[in-house]
Amino acid sequence: MQNKANRLFWLGRYNERVLTTLKYILNLYDKSIDSEIDIDGYCRKLNIPNLYLVLNPLGINIISRVTPLCELDLNRMFPGNKNGDVYEYLAAEIVEDITDENYENWAVDIHASNIYLRELPQIRINEQYENELVPLAKTLNMPFIWVHSSATVLESTLAYSLNSRNCKTLVVEMGVGMRLTQNYGDMLVDGILTLMKELGIWEAPPTPPKLPQYNPIISRDKDNDLQVYFVNAPKTGLFIPEVNHTDNIKQGERLGVIADPLTGESAEILSPCRGLLFTLREYPVVLEGSLIARIYGAKKH
Amino acid sequence: MKTIYRENLKIPEYVFGEKSDNPENSVAIVGALRGNEVQQTFICASLVRILTELETNAKIRGYIKIFPCVNRYSMNVGKRFWASDNTDINRMFPGFCEGETKQRVADEVFEKVKNFKYGIQLASFYLPGEFMPHVRIIKTAFTDTNEAFDFGLPNVFVAEPSPFDTATLNYNWQIWNTSAYSLYSKTTEKIDIFSADIIINSILTFLSKNGIIKYDIATITAKTENTIYYKKDLVNVVSPCGGILIHKATSGEKIMKEQVLAEIIDPLSGNIKAVVYAPKTGQIFYTHTSNLISEHEIVYRII
C-alpha cells in the first residue's frame, strides 16, 4: 500500500512538473519565433536540459521542411558560418550553443522522416561513434538501432557537427514527416527520461514509473548475415501497399504493386529478403528509384 | 525516366566534334542543374548556336558536349529544386544508379559528363543575388588554378570545400580527374544579356586556348588582368536589421570605405532603420537582390 502511494505521489509530482514546464515552454514558443528570449537562463534556473523545440520555426509556420525564401534544408548547412548568411549564422550559433568544450555534452536530435516514408522509431548512429553511442542509444526506448557506414554519412548535418565536436548525439527517426504519431512520441519521452537518469542529469524517483522497455535490434551495415535491404521503385506510378508497416516479411513476399494511373498496368514489388519492414512508403506517387521500403533481415542463398 | 503525368524525363545534349582517344581536348559544359537557372540555360543555348556555326565551318578541333538544361522537370513547373520533393540534384553527385530517384538522375548525368579533360558548370549561388561574373574553383589537388586564367575573366575565386561541396558536380568531377570550373554569371532567374555575353566569350576563349576550337581569341576577349581571390579576401556585409532594402550601389561597382551602400527602411513607417556602410575600399562582388531583407542576411560581399 505504501509502495502504491509512493508511486502515485511521484506520478503526481512528475505530471505537475511536466505540465508546468510545458505550459511555460508553450508560452515561450510564440515569443521565440518573433523575438529573443532567454531560454538558456530558463533551463539553467530549472536545472533541466536545454530543449530546442524547433530549429526552423519559420519553416513550421509555412508548413515547409526547408527554410523560407532560400528554400534550403537547414540540416544540410552545418556547422554553419558566423560570418555567413542568416541560416549559416543560425547553424553556427546552434552548434556553438549546444557544444561546450568545458562540459561533457549529450544531444538527442529528433526527426520525423519526411512526408514520403513511415519509419519505425529508430536511432541512427555513424559507425565511427558506435562504441560510445550504442550503449546510450539502448536506453532511449527505441526498438531499432541502425549503425550505418561512415561512407553514407552526410557531413553537413547537425548530428555530424555535434559528434565531431565531442557532443555525443543520438539521431532519432520515427513516424512520418509533418504528422504526429503520439505513441512514438510517448515512447521517446520515456526513453529520454531513462537516458537522463542513466547520465545522472535527472534524479529519478526511488520507484520510477514502469516504462515499456525495448531490447532494441541493432543493425550494423558491416554485418554480412543480417543487414538493411533497400527496395526502390522499379518504375513510375502509384504505390499501393499490401503489407503493414513493421510486419515481419518473408523473402519474395509481395509488398505491394506500382500501378500506372493512365494504363492501369501494374508491377508487383517483392521483398528481397526476410525480415522486419521498418520503413514503408507512405506517399503513393513514386518515380523510378523512389524508396519503397527498407527491411532489416537476411537473404536465402 | 518516366514521369507519372508528364512526358518522359530526358536530358538533352549537344555534341560537337569527334570523340577521339585523346581526352586532352575534350570538355563537358553543364547548364541548369536547378530549375531557376534560366540565365545559365540561355548561356548554354547561345553556345550551342555559336558552336553549330563553328562546326559548319570546320573549326571544332576537340570534343564538346553541352547539356543546356539538366533539370527541365523543375524548370517547366517553376521550381528551383527537384519538383516533387524539393531536393537539390547538385547535392547528389556522383549519384547512384540503384539509389533514390535524384541519385539516379545525378548518376545518369555524371555518367554522361565524366571522363572529360575539362568540366564547366554554369552555376548559381544558393542565395538570391547578383554576382560579378567570375570563375570559381573548389580547391582540391586535382584542378590547376592557373588554368582558370584561360577563361580571361578578371576574377578567379578559389574556395576551400565545405562539407556540402563533397556532393556537388564540381567536386566530384575533380575526384574523377576532370579539371572542373564553375562559372557564375550576374543573374540566375533573369536573363542579363551583357553578363551572359561575358561568360559566353570566356568559355569560347577557354576552348580556343586549349585547342578545342579554332577561333581568334583577340576578337573575343581583350587581355585582362587576373586576380585570384580566396574566401579570406571576401568581406561580408550583413544587414543589421530587417526591412525594405534600398540599394545605393550595385555588383561590380568600385566603392570607398564608409561609402553608403544601402538603406534599410521600416516597412510600416517608412523611416530609415539602418544605413549600410562599406567596411573597406574595394569592389562589390555580390549583391542581395530581394527588396525585403531579414536581419543578418548578406547584403554585399566585397573584394
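Just after helix H3 of chain B, B:Asn115 takes a positive phi of about 65°. This is a predicted model, where local features need pLDDT of at least 70, side-chain atom pairs count only at pLDDT 80 or more, and totals for chains, interfaces and linings use all residues. Residues are numbered from 1 along each chain as its sequence is written, while chains are lettered from A and ligands numbered from 1 in the order in which they are written.

Let's stay with H3(B) for a moment. Helices here are DSSP runs of H or I with at least four residues, strands are runs of E with at least two, and both are numbered from the N terminus. H3(B) has 13 residues and reaches 18 Å from its first C-alpha to its last, close to the 18 Å expected at 1.5 Å a residue (the expected span is 1.5 Å times one less than the number of residues). Its buried residues include B:Val105, B:Ala106, B:Val109 and B:Val113. Buried means that 20 or more other C-beta atoms, placed from the backbone, lie within 10 Å of the residue's own; 12 or fewer makes it exposed, and in between it is partly exposed. The buried residues of H3(B) pack against strands S2 (26-32) and S4 (118-123) of chain B.

Now for the chain contact. 27 residues of chain B are in contact with 25 residues of chain A, contact being C-beta atoms, placed from the backbone, within 7 Å. H3(B), residues 101-113, turns up here too, giving the most to chain B's side with 3 residues. That side has 9 nonpolar, 10 polar and 8 charged residues. In this scheme Ala, Val, Leu, Ile, Met, Phe, Trp, Tyr, Cys and Pro count as nonpolar, Asp, Glu, Lys and Arg as charged, and the others, Gly among them, as polar.

What about the cores? A nonpolar core is a set of buried Ala, Val, Leu, Ile, Met, Phe, Trp, Tyr and Cys residues joined through C-beta atoms within 7 Å. The largest has 79 residues, and B:Val27, B:Ile29, B:Val30, B:Ile64 and B:Ile203 have the most contacts inside it. Helix H5 (193-209) of chain B gives the most to this core, with 8 residues. At least three residues come from each of domain 1 and domain 2 of chain B. Leaving out residues up to four places away in sequence, B:Ile203 touches B:Ile29, B:Leu47 and B:Ile120. Another core, of 54 residues, lies apart from it, with A:Tyr87, A:Val228, A:Ile249 and A:Ile292 among its members.

Here are the domains, with bounds from an automatic or database domain assignment.

| Chain | Domain 1 | Domain 2 | Distance between C-alpha centres |
|---|---|---|---|
| Chain A | 104-222 | 227-298 | 26 Å |
| Chain B | 14-231 | 234-302 | 30 Å |

In chain A, 13 residues of domain 1 are in contact with 13 residues of domain 2. The largest share of the domain 1 side, 5 residues, comes from S2(A), and that side divides into 8 nonpolar, 2 polar and 3 charged residues. In chain B, 9 residues of domain 1 are in contact with 10 residues of domain 2. Strand S5 (129-131) of chain B supplies the largest share of the domain 1 side, 3 residues.

Finally, some strand pairing, which takes at least two DSSP bridges between the strands. Strand S11 (243-247) of chain B pairs with S16 (292-293) of chain B in the antiparallel sense over 2 bridges, and B:Gly243 has B:Ile293 as its bridge partner. S11(B) also runs antiparallel to S13 (260-265) of chain B, joined by 4 bridges, with B:Leu245 partnered by B:Ile264.

Terms used. Two residues are in contact if their C-beta atoms, placed from the backbone, lie within 7 Å.
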